[in-house]
Amino acid sequence: MKSAIFFYFFIACATPSFAEQSLGVTSIAVTDEAQTRPLNLSLWYPGSGGTQEDVGANAVFTGVIAGRDAMVTEDHLPVVFVSHGGLRSAEDSGTWLTAGLARAGYLAVEINSPRPTNAATAVDEIWHRPNDVSRSVDAILRDPVWSERIDKDRIFVVGFALGGTAALELAGGNFDLQSYNLSCDEPAQGPDCAWYQSQDVALSAVDQIELAKPRRDTRISSVVAISPEYSAVFSGGQSSVEAPTLVVALGHDNALPSVTPTALFTQAPFPDAH
């Protein structure tokens, strides 16, 4: 199954066996027609040369040394689009994952979405994030350099937290709107519920029409959702996805729902992870 194969590489990318692979990193800016939601894509890949710099270091994560604008050393690269999630995360917070994927032979594209300035605008991020991934796929497929270096039949998505929710949407998952609107009621399901409540913003303030739209992107072969937020509010459960999907649960507080695995849906708990 595609998701099982992808998960093998996902685990392998974090192992020391790939530590000697030189890394390259570069950036692409993506704008929309209205110029209202610019994206900054950080592209990680097997590379050599370039100006060595520490990328992604912040108060939470250790950075990774890579060659800025290094020469690409491989062709026909499978592509992983990484949506790190977090409403207020710093740029390149997913470097811990994108660098590992690049060492394993992928082009890993981290999507740095605009940070919402307040809870009233942040409430719509749940449907903006899958759109950001699809726009990023558009950008790479249009790019005159990268479109010639990638394997267009192997396009994947890895999402973490809110990015994991986006990954499930891109795989075909749709929300039960009523359940989502109530998901910050007790017991609250989302890590940002307290922030919303502190600014007197209800989840029901989300654009209901946009939230109801299907976000399935058929160009994406399979997805991995790591500790996805709001995972209990998908219509028919997460197993209703239409693309090979793996849901990874990290830690004891991220227990997976009781869902019967299907030919397209697999779960993997790691209770001792943090």
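Asp200 lies in the loop between α7 (193–198) and α8 (208–212). In this predicted model, the phi of Asp200 is near 60°, a positive value in a residue other than glycine. At 73% relative accessibility, Asp200 counts as exposed, because the cut-off for that word is over 50%.

Asp69 gives a second case. Its phi is near 60°, which is positive although the residue is not glycine. Asp69 is found in the loop between β4 (64–68) and β5 (71–72). With a relative accessible area of 53%, Asp69 is exposed.

| Residue | Relative accessible area | Class |
|---|---|---|
| Asp200 | 73% | exposed |
| Asp69 | 53% | exposed |
| Asp151 | 9% | buried |
| Phe156 | 9% | buried |
| Tyr106 | 5% | buried |

**Asp151 and strand β8**

Is Asp151 buried or exposed? Asp151 is buried, since its relative accessible area is 9% and the limit for that class is under 20%. This residue has its place in strand β8 (residues 150–160). Its side chain makes a polar contact of 2.8 Å with the side chain of Arg154. Leaving aside residues up to four places away in sequence, Asp151 touches His76, Leu77 and Pro78.

**Aromatic rings**

The structure holds seven aromatic pairs.

Elsewhere, ring pairs link Phe175, Tyr180, Tyr230 and Phe234 into a cluster. Another ring takes part in a contact with a charge: the charged end of Arg88 sits over the ring of Trp195, 4.1 Å from its centre.

**Two helices**

Helix α2 covers residues 95–103, and seven of its nine residues are buried. Among the buried residues are Leu97, Ala99, Gly100 and Leu101. Gly105 follows α2 and has a positive phi, near 100°.

Helix α4 runs through residues 125–142 and has 18 residues. How far does α4 reach from its first C-alpha to its last? The distance is 25 Å, close to the 26 Å expected at 1.5 Å a residue. This helix is mostly covered too, with 14 of its 18 residues buried.

**Strand β2 and its partners**

Strand β2 spans residues 39–48 and is mostly covered, with eight of its ten residues buried. Which strand pairs with β2 over eight bridges? The partner is β1 (residues 23–30), and the two pair in the antiparallel sense. In this pairing, Ala29 stands opposite Asn40 in β2.

β2 is also joined to β7 by five bridges, and these two strands run antiparallel. Here Leu43 stands opposite Val109 in β7. Two bridges join β2 to β5, again in the antiparallel sense. In that case Gly47 stands opposite Val72 in β5.

Technical notes: Residues are numbered from 1 along each chain as its sequence is written. This is a predicted model: local features need pLDDT of at least 70, side-chain atom pairs count only at pLDDT 80 or more; totals for chains, interfaces and linings use all residues. Side-chain values use heavy atoms; hydrogens and water are left out. Buried means under 20% relative accessible area, exposed over 50%, partly exposed in between (1.4 Å probe, protein chains only). Helices (H or I, at least four residues) and strands (E, at least two) are DSSP runs, numbered from the N terminus. A polar contact is a pair of N or O atoms within 3.5 Å; within protein, one must be able to donate a hydrogen and the other to accept it, and residues adjacent in sequence count only if both atoms are side-chain atoms. Contact means heavy atoms within 4.5 Å. Rings of Phe, Tyr and Trp (its six-membered ring) pair if their centres lie within 6.5 Å; planes under 30 degrees apart count as stacked, over 60 as edge-to-face and the rest as tilted. A charge sits over a ring if NZ of Lys or CZ of Arg is within 6 Å of the ring centre and within 35 degrees of the ring normal. The expected span of a helix is 1.5 Å times one less than its number of residues. Two strands pair if DSSP finds at least two bridges between them.
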